[in-house]
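Here are a few exercises to work through with the viewer open. Try each task yourself before reading its solution.

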Amino acid sequence: MLSGLVIVDKPQGWTSHDVVGRMRRLAGTRKVGHAGTLDPMATGVLVVGVNKATRLLTYIVGTTKAYDATIRLGATTVTDDAEGELVHTGSTAAVTDAAIRAGVAALTGAISQVPSSVSAIKVNGERAYARVRSGEDVKLAARPVTIHSFDVLGIRRGAHEGGAHAGTEYIDVDATVECSSGTYIRALARDLGAGLGVGGHLTALRRTRVGPYSIGQARTLEQLAADLRLLDIADAARALMPVRELTAEEAVELSFGRRIAASPDGLHTAANPAAAFAPDGTLAALLADAGSYAKPVLVFPRESAQ
């Protein structure tokens, strides 16, 4: 049975669910999932699990992410990105480069962020974006996130052409962001503009990394249709987690779901387990330490590691 991770370079205009549907057809299986949604406007790294590798996805979802982004200052939209209706413009003529960099610095580190109202967060069992589309005024609670880095690469100035806002100046800020899971880059764009008093929204977004999996490993759907290559479960786990090398006896014990001696550091938990490998290099289990013992969180039969 075909199992492994696929690092997809998601095309613009596709939902993450669209990509999963395409991968189901390419892999010939229904057991396909992804490790973190990308908005249709965004491109880049979408980690997809096929068959047994779907069991790794829960450990990938919470990893750090990295993005290339373009933020337009001087305009606010309903969705906080370029796909939404323009609701406000404000001249950026008085906004200096120094003020932009100060605003970026204020949004770096541990911050409290209110997600976009059109996010996929559920409110009383229904997606927030569905409530907004039905006309409801949705207010989401702030949540703690960490912006590990927010670096400005370029600042470009221009003016709106045509329409009611013709001639109004705007600023495009090209940036890279590395952040914790749960961060909304659209919300960063919105909050940067709000802090500067001119409004802001996201006009381009490309995810360049999810945990240890980078854009350099990603392949387009066209490439995958021509040559479906999967990252082996063992290789995926080695990149993702701390590694524990087992003795032959320990591998046998784990194959029956039995506990073995704890790892030397004893730091592995069910949420952050160690990937345990048999002497032949196959992934045997994910291990959590509990006192003097380590117990399997997940056991991988030998055939699933092939």
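**Exercise 1.** In this predicted model, find the residues with the most contacts inside the largest nonpolar core, and the elements that supply the core.

*Solution.* Start with the core itself: it has 29 residues, and those with the most contacts inside it are Ile71, Leu73, Ile147, Phe150, Ile185, Leu188 and Leu202. Next, trace the elements: strands S4 (65–73), S10 (143–159), S11 (169–179) and S12 (200–210), along with helices H3 (97–106) and H5 (185–196), each contribute at least two residues to this core. Finally, look for a second, separate core; it has 25 residues, among them Val47, Leu240, Met241 and Phe300.

**Exercise 2.** Decide whether Arg244 is buried or exposed, and describe its surroundings.

*Solution.* First locate Arg244 in strand S14 (residues 243–245). Its relative accessible area is 11%; because buried means under 20%, Arg244 counts as buried.

**Exercise 3.** Work out how strand S18 (residues 293–299) pairs with S15 and S17.

*Solution.* Take S15 (residues 260–261) first: two bridges join it to S18, and the strands run antiparallel. Here Ile260 stands opposite Ala294. Then turn to S17 (residues 283–290), which is antiparallel to S18 and joined to it by six bridges. On this side, Asp289 is the bridge partner of Ala294. To finish, inspect the S17–S18 hairpin: two residues lie between the strands, and Gly291 takes a positive phi near 70°.

Notes
Residues numbered from 1 in each chain as written. Predicted model: local features only at pLDDT ≥ 70, side-chain atom pairs only at ≥ 80, totals over all residues. Heavy atoms only, no water. Helix = DSSP H or I, 4+ residues; strand = E, 2+ residues; numbered from the N terminus. Buried < 20%, exposed > 50% of the residue type's maximum accessible area, 1.4 Å probe, protein only. Pairing = 2+ DSSP bridges. Core = buried A, V, L, I, M, F, W, Y, C linked by side-chain atoms within 4.5 Å.
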